[in-house]
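Me: Please go through some helix packing and salt bridges in the model shown here.

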Amino acid sequence: MLERLNEALEHIEARLDRPVGTDELARIAMTSEYHFRRMFSALAGMPLSEYLRRRRLTVAGAEVLAGERTLLDIAVRYGYGSGEAFARAFRGLHGVGPGEARRTGAVLRSQPRLAFRLVVEGSSTMEYRIVERGEFRVVGKKARVPLVYEGVNPAIVAFLKGLGPEVRRRIAELSDQEPEGIVSVCDDLDPHRAEGTELDYYHAVVTSAPVPPDLDALTVPPGTWAVFASTGPYPQALQRLWADVFAQWFPSNPYRSRPGPEILRTRTAPDGAGATAELWIPVERTPV
């Protein structure tokens, strides 16, 4: 899988001055568009669209400094419809406009080419199970929050603080099937998963009980789930679990991610230093 992802990266490099569709990259990687975008953002730490933008502006920056083409020619060459749009994007990455950069020979920023490699650390194995589930329902409280890749998500923290202990208790009492207890559910993410785009976040349980009128519900269609378990220091163990799933498990197993909510069950130790996490990812078998 990593070899095919790298072939897709080579395809990008050969076509930085031309449109590149996610569909053609997914074909090269021999996977679905959804899984390709999900894998890329997990491994690269940025959405595919952001990587394409940065790489194009990096090579455009070299052409701006070279002075062999007009700024408008460079703008059009790298997909910008006007000099103004190019200048805004250029300044966003390099911190200086293209005209000023050419006049002064400014120091520009660079987005290096990516290459994915498998790094083997230690000798631990990853614990997982494959679960076939019929339709089920998530019930709790929902908020629309921005996607944050690293660190605490202030919108989620504020949302949880606003629920109050009584609402939390009522939600927890509805749990009657696995994953048991309170779960965090992320759904309806932007396909490109760009930082700052919005998603539905649920503080909820999985239940067959009737939905109280003041709570939100999400019906999840039948499907296959890969369930991963991890125990260790909090939050490092959880962050490592997400990375390992996409960097090690998917490239080594005949599955790919599919659209659907991602469910996380976390139980912290009494001292808050450690935690046990269970991560549910919707998957499907990779076609042979």
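**Helix packing and salt bridges**

Reply: L2, L5, A8 and L9 in helix 1 meet F36, M39, F40 and L43 in helix 3, where contact means heavy atoms within 4.5 Å. Helices (H or I, at least four residues) and strands (E, at least two) are DSSP runs, numbered from the N terminus. This is a predicted model: local features need pLDDT of at least 70, side-chain atom pairs count only at pLDDT 80 or more, and totals for chains, interfaces and linings use all residues. Residues are numbered from 1 along each chain as its sequence is written, and side-chain values use heavy atoms, with hydrogens and water left out.

Me: At what angle do helix 1 and helix 3 pack?

Reply: Axes are lines fitted to C-alpha atoms, for helices over the stretch in contact, and angles run from 0 to 180 degrees between N-to-C directions. The axes of helix 1 (residues 2–14) and helix 3 (residues 33–44) lie 12 Å apart, and the angle is about 90 degrees.

Me: Which residue meets R77 in a salt bridge?

Reply: A salt bridge is a side-chain nitrogen of Lys or Arg within 4 Å of a carboxyl oxygen of Asp or Glu. For R77 the N to O distance is 3.6 Å, and the partner is D17.

Me: Is E63 buried or exposed?

Reply: Buried means under 20% relative accessible area, exposed over 50%, partly exposed in between (1.4 Å probe, protein chains only). The side chain of E63 meets that of R69 in a salt bridge of 3.0 Å, N to O. With a relative accessible area of 15%, E63 is buried.
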